[in-house]
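Here's a quick briefing to read with the model open in your viewer.

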Amino acid sequence: MKIPFNKPFTIAGELENIAAAVREGHLAGDGRFTRQCHQWLEQNLGARRALLTHSCTAALEMAAILCDLEPGDEVIMPSFTFVSTANAFVLRGAVPVFVDIRPDTLNLDEQQVARAITPRTRAIVPVHYAGVACEMDTLMALARSRELVVVEDAAQGILAEYKGRKLGAIGHLGCLSFHETKNVISGEGGALLVNDPRFLERAEIIREKGTNRAQFFRGEVDKYTWVDLGSSFLPSELIGAFLWAQLERADEINATRMQICAAYRQGLEALAQRGVLALPQPEPEGIEGNGHLFYLLLKDLAARSGLIAHLKSRGVHSVFHYVPLHSAPAGRKFGRAAGPMTVTDDVAGRLLRLPLYYGLTVEQVAGIVAEISSFFSDQ
């Protein structure tokens, strides 16, 4: 076997769309395909406004600007996340305050968030790990009571749901990723979802380098000029063209990934019952995932390292996930932990991600499962 951890894919129409964009002569941002992507995201996710960006990192950076942070302000988030979640706010002078995660979903522990709030807290950033929703009702109620902004890091959450609502469209702001490792891809790419109307006008301005260019093209002002902070957050129209083909088949992509996850779970259940590994827990009631990733929890770091090496020797590329931000050099410099990080530290040393991408076959999954079983038969 030679099975990569991830394999970027085309589902149908991406190259045709790119060729059409070239023929039409609009290669910069906000052309026809980008507008179609905006409409799809708004209609299918329930966001008030969607704005494509060149990455989810860019969307997070836009959200941080919209939070109107001042140096020393605090933003609560999990430590078990990608560096962009924290970096976007550190760039604005804010302090990431890290809170531990739940052992069942590996998401921000909503019961610990209230204890982490101080007079300097300005925002909460729930990260929907593996496309499984955080406990958003509790977090939104807490934010309302303390007048905080909720920025959903839904990088992994396209079309996943929390009590009938799509991830990214529940908080005041939401951030999506279309990186080649995600369910729906455009190589690089992301989107900012604006759900609170007070941020609508300023989000457009920030995305257009701090100018009111969007208002000018709608005929709302007679010229455009620099009016606020901003940067060049627009993606090329070629990105929008590629993404549009994928969005049209997004439900099919997610369904396929869910089938792969189900095949992994079925194949590995016997090992879980033996106690040599643990599988992801079933999603809580009212939560629907999207098959973004499938992970195992091994007994300890040595077992994980051994299994990674074993799979590699058989041509299967498996990976661990995040180094917790609170333990990273920049995390210690720019942020702080709001209490013990017991679950985060434990999970980070034992979690192993298996290959999962559109195009991975049931036969390949069976082969991976067989190799995992072989590893444990020698133990």
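In what order do the eight strands of the open sheet run? The order is E1-E9-E8-E5-E4-E2-E3-E13, with mixed pairing. Bear in mind that this is a predicted model.

- Helix H3 (residues 56-66) lies across E1, strand E5 (149-153), strand E8 (173-177) and strand E9 (190-194), and runs at about 165 degrees to E8.
- H6 also packs on the sheet: it touches E4 and E5, and its direction makes about 150 degrees with that of E5.

**A mostly covered helix**

- Helix H4 (residues 83-90) is mostly covered, with six of its eight residues buried.
- The buried ones are Ser84, Thr85, Ala86, Ala88, Phe89 and Val90.
- As for what covers them, the buried residues of H4 pack against H3, E2, strand E3 (95-99), E5 and helix H12 (329-334).

**Nonpolar cores**

- The largest nonpolar core has 52 residues. Inside it, the residues with the most contacts are Trp40, Leu41, Met136, Ile158, Leu176, Phe178 and Val184.
- Take Val184: leaving aside its neighbours within four places in sequence, its contacts include Ile158, Phe178, Leu243, Leu247, Ala250 and Ile253. Ser177, His179 and Gln246 are in contact with Val184 too.
- A second, separate core has 34 residues, among them Ala59, Leu69, Phe89 and Leu173. Phe89 is also one of the buried residues of H4.

**Aromatic rings**

- There are nine aromatic pairs in the structure.
- In one of them, Tyr129 and Tyr295 have ring centres 6.1 Å apart and planes at 50 degrees, so the pair counts as tilted.
- Tyr129 is in the loop between strand E4 (121-124) and helix H6 (136-146), while Tyr295 is in strand E12 (residues 295-298), so this pair ties together parts that are 166 residues apart in sequence.
- Are Tyr129 and Tyr295 buried or exposed? Both are buried.
- Phe216 and Tyr224 make another tilted pair, 5.6 Å centre to centre with 55 degrees between the planes.
- Phe216 is partly exposed at 30% relative accessible area, and Tyr224 is partly exposed at 40%.
- Ring pairs also link Phe80, Tyr129, Tyr295 and Tyr322 into a cluster.
- For a charge over a ring, look at Arg32: its charged end sits over the ring of Phe33, 4.1 Å from the centre.

**Positive phi values**

- Most residues other than glycine have a negative phi, which makes the next two worth a look.
- Asp30 has a positive phi of about 65 degrees although it is not a glycine. You'll find Asp30 in the loop between helix H1 (14-24) and helix H2 (32-45).
- Lys163, also not a glycine, has a positive phi near 50 degrees. Lys163 lies in the loop between strand E6 (161-162) and strand E7 (165-166), and is partly exposed at 47% relative accessibility.

Key: Residues are numbered from 1 along each chain as its sequence is written. This is a predicted model: local features need pLDDT of at least 70, side-chain atom pairs count only at pLDDT 80 or more; totals for chains, interfaces and linings use all residues. Side-chain values use heavy atoms; hydrogens and water are left out. Rings of Phe, Tyr and Trp (its six-membered ring) pair if their centres lie within 6.5 Å; planes under 30 degrees apart count as stacked, over 60 as edge-to-face and the rest as tilted. Helices (H or I, at least four residues) and strands (E, at least two) are DSSP runs, numbered from the N terminus. Buried means under 20% relative accessible area, exposed over 50%, partly exposed in between (1.4 Å probe, protein chains only). A charge sits over a ring if NZ of Lys or CZ of Arg is within 6 Å of the ring centre and within 35 degrees of the ring normal. Two strands pair if DSSP finds at least two bridges between them. Contact means heavy atoms within 4.5 Å. Axes are lines fitted to C-alpha atoms, for helices over the stretch in contact, and angles run from 0 to 180 degrees between N-to-C directions. A nonpolar core is a set of buried Ala, Val, Leu, Ile, Met, Phe, Trp, Tyr and Cys residues joined through side-chain atoms within 4.5 Å.
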